[in-house]
Amino acid sequence: MTQANNNPDHDINISRRKTLGTLSAFGVLGATSLIGCGGSSKESSSAASTSSATNSTSVASSVASSTTSSASGSCTVIPTETIGPYPLSTLLNSSSVLREVINEDKTGVPLTVKLKLVNANNLCTPVSAYVYIWHCDKDGNYSGYSGEVGKTYCRGVQYTDTNGVASFTTIYPGWYEGRITHIHFQVFLTAYSSTAKSTAISQMAFPLDITKAVYNSALYTKGQNTSVTSFAADNVFSDGTTYQMATVTGSVSEGYTAELEVGIAV
């Protein structure tokens with residue numbers, strides 16, 4: 001397989017994070033904000049609703065941010081990220097992408113991804129929506145591009161359950177030139193397709209110690225990431241990972257579970 005060497009992410013200006021009114025995912029990103037619950041300050045793509053006086057957090061941002069607080073929790077707007085470089089949007093026109101197990105024949109350390117969507121405008125209650133995730137295989141290759149044209153591994157869509165959780169079974173992502181380990185995800189409130197209005201888009205980050213342990217395993221023959229060795233050096237996460245850092249549990253031998261709570265102001 002041909003490794004992706006020309007990485008458009010590497011050339012993206014650090015000022016990539018803008019309000020959702022000016023950023024489009026697949027050219028159709030809506031004006032609704034993606035948010036993460038809890039945490040400290042980081043920029044956002046747009047302002048959410050006003051915080052309550054008794055339980056609010058002032059969020060510093062280079063663009064705009066706010067917090068919606070209530071007795072049931074606090075939802076903080078988190079950054080919108082680039083959809084590039086390998087979204088393969090045409091795959092969303094097929095119902096075959098609606099699946100939980102997405103690694104296909106790709107091997108690696110087992111990973112369960114759980115994204116919990118909550119509503120910032122309604123006390124952080126669960127949101128019903130379609131979630132599309134995509135990531136590279138253990139060797140840094142993306143399905144649908146370069147030598148992987150026609151393939152669909154490590155991509156899938158799930159509809160959230162009654163708790164607002166979309167779950168996927170896959171493998172721990174590898175790395176490619178210019179980027180630190182990550183998973184892309186995109187949210188559609190009503191329907192998913194290459195022309196559907198996307199509500200929000202972002203990326204999941206992984207703890208460095210977990211990633212190091214995974215890349216030390218025999219399955220990951222590329223070894224450690226020699227291209228980007230820290231979040232500060234990554235052009236997407238260089239301004240922080242507070243609201244995009246997954247909570248990861250498990251082990252190399254048993255596999256991991258990565259969880260991230262995000263939300264949408266609807």
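Leaving aside neighbours within four places in sequence, which residues is Y172 in contact with? They are V109, L111, T181, F206, P207, I210, T211, V214, Y215, Y220 and Y256, where contact means heavy atoms within 4.5 Å. Keep in mind that this is a predicted model, in which local features need pLDDT of at least 70, side-chain atom pairs count only at pLDDT 80 or more, and totals for chains, interfaces and linings use all residues. Residues are numbered from 1 along each chain as its sequence is written, and side-chain values use heavy atoms, without hydrogens and water.

Y172 also belongs, with I133 and M204, to the residues with the most contacts inside the largest nonpolar core, which has 33 residues. Such a core is a set of buried (under 20% relative accessible area, 1.4 Å probe, protein chains only) Ala, Val, Leu, Ile, Met, Phe, Trp, Tyr and Cys residues joined through side-chain atoms within 4.5 Å. Strand 12 gives the most to this core, five residues; strands are DSSP runs (E, at least two residues) numbered from the N terminus. Another core, of 16 residues, lies apart from it and includes Y142 and Y176.

Turning to the rings, Y172, F206, Y215, Y220 and Y256 form one aromatic cluster.

Two lysines sit over ring faces (NZ within 6 Å of the ring centre and within 35 degrees of the ring normal):

| Lysine | Ring | Distance to ring centre |
|---|---|---|
| K106 | Y153 | 4.3 Å |
| K222 | W175 | 3.9 Å |

How values were computed
Buried means under 20% relative accessible area, exposed over 50%, partly exposed in between (1.4 Å probe, protein chains only). Helices (H or I, at least four residues) and strands (E, at least two) are DSSP runs, numbered from the N terminus. Rings of Phe, Tyr and Trp (its six-membered ring) pair if their centres lie within 6.5 Å; planes under 30 degrees apart count as stacked, over 60 as edge-to-face and the rest as tilted.
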